[in-house]
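My notes follow the model as shown here.

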Amino acid sequence: MKTIDDLVQDGVAGKRIFVRADLNVPLDGTTITDDGRIRAVAPTIAKLAEAGAKVIVASHLGRPKGAPDPAFSLAPAARRLGELLGKDVAFATDTVGASAQETVAGLTDGQVAVLENLRFNAGETSKDDAERGAFADQLAALADLYVGDGFGAVHRKHASVYDLPARLPHAAGDLIAAEVTVLKKLTEDVKRPYAVVLGGAKVSDKLGVIDHLLEKADRILIGGGMAYTFLKAQGHEVGISLLQEDQIPAVKDYMKRAEERGVEFVLPVDVLVSADFPDLKTKAPANPTVVAADAIPADQEGLDIGPKTRELYAAKLKDAATVFWNGPMGVFEHPDYANGTKAVAQGLLDSAAFTVVGGGDSAAAVRLLGFDENAFGHISTGGGASLEYLEGKTLPGLAALED
């Protein structure tokens, strides 16, 4: 696929370049609580602006219902982008209407504008090809060239991700190019031992990637809420812990296949439990109890991996040559349940392996817990997209950028 360096070499001064970014950042009202995705795409935008392009940045944020909703406005993201670029960034209050058209028309060479949330238009996410295509036509009228750099959205068949590149000369941004290069290191000619750490709430979210990684990984470490479905599949009491009973047959099958293939499946040996879920706003002391993973009381909920599991997982990562981590080990937003996730992050840093943090909550945890992002091999901006790539799926947004 073409890169933006190819575009710059051909000359982009004065041209309107539509950059499909991923500015889908978490907000507390109008305050951005994690600007990682904006910082990740800023270099691409800066490179195009410095080359004299008129840069039109577009993204989704959250899940509005195909109509404007102030709670999901991209205005805070536009302001933060301007701060990172060190220049004023214009903001259009719609996606393809009068404000967007006037804002784009008013751009001079090297200026940047952000359009309002693409999902305020029902055509962006429509399953109807004609409706989606009509919206893509309106977006295409705003620009001369297209750059895809929203890796967190490339697994979606949406108008700005899939249909728009077919309507304009297109290239991959630096962020997408870097993501693909890294993910190939996790799927092609992988350096071994290859360790995978999977956490998060639901095992159903990870079934596809577990299925695929059983063919590639040497060891798979399980934590987070999904671990309790695995423990239940082994016949253990899990109390009131998060549990997906309907996934137990699949989990049993995966553990059996792992054993047959010589893939080491590592589950928690102890956990932190409490009868009450912690208050994440006040972060009041939770006073959890440590119990063996096979001895969770019936009225207690597992909320983090325990100290013995932390040591075990660190040891399993230390001699790895490649590590992929997706999903926290517990309720990391509360200090009493953050130590499991901290231990995994530190385990990646203590390993000589090529380490990849697979976006989403894992990337947010790295930043929230105060780790140096640059110390990891790569921090992905697309949790869901990364997982689908590792599952071996064709990602619509990547396919659309191929020449």
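I take buried to mean under 20% relative accessible area, exposed to mean over 50%, and partly exposed to mean anything in between. The model is a predicted one, and I read every entry below with that in mind.

Entry on Glu215 and Arg257. I found their side chains joined in a salt bridge, 3.6 Å from N to O. The two residues are 42 apart in the chain, with Glu215 in the loop between α8 and β10 and Arg257 in helix α10. Arg257 has 17% relative accessibility and therefore counts as buried, whereas Glu215, at 45%, is partly exposed.

Entry on Lys316 and Glu264. Here I noted a salt bridge whose closest N and O atoms are 2.4 Å apart, and it links helix α11, which holds Lys316, to strand β11, which holds Glu264, across 52 residues. Glu264 is partly exposed at 30%.

Entry on α2 and α3. I looked up the packing of helix α2 (residues 36-50) against helix α3 (residues 75-85) and found an angle of about 60°, with the axes 10 Å apart, so the two helices are oblique to each other. The residues that meet include Ile38, Arg39 and Ala42 in α2 and Ala77, Arg80 and Leu81 in α3. By class, this contact has 8 nonpolar and 2 charged residues, and no polar ones.

Entry on Arg39. I then followed Arg39 to a salt bridge with Asp35, at 2.7 Å between the closest N and O atoms. Arg39 is partly exposed at 31%, while Asp35 counts as buried at 15%. Both belong to a salt-bridge network that also includes Arg80 and Glu373.

Terms used:
Residues numbered from 1 in each chain as written. Predicted model: local features only at pLDDT ≥ 70, side-chain atom pairs only at ≥ 80, totals over all residues. Heavy atoms only, no water. Axes fitted to C-alpha atoms, helices over the stretch in contact; angles between N-to-C directions. Helix = DSSP H or I, 4+ residues; strand = E, 2+ residues; numbered from the N terminus. Parallel < 35°, antiparallel > 145°, perpendicular 65-115°, else oblique. Contact = heavy atoms within 4.5 Å. Nonpolar A, V, L, I, M, F, W, Y, C, P; charged D, E, K, R; others polar. Salt bridge = Lys/Arg side-chain N within 4 Å of Asp/Glu carboxyl O. Buried < 20%, exposed > 50% of the residue type's maximum accessible area, 1.4 Å probe, protein only.
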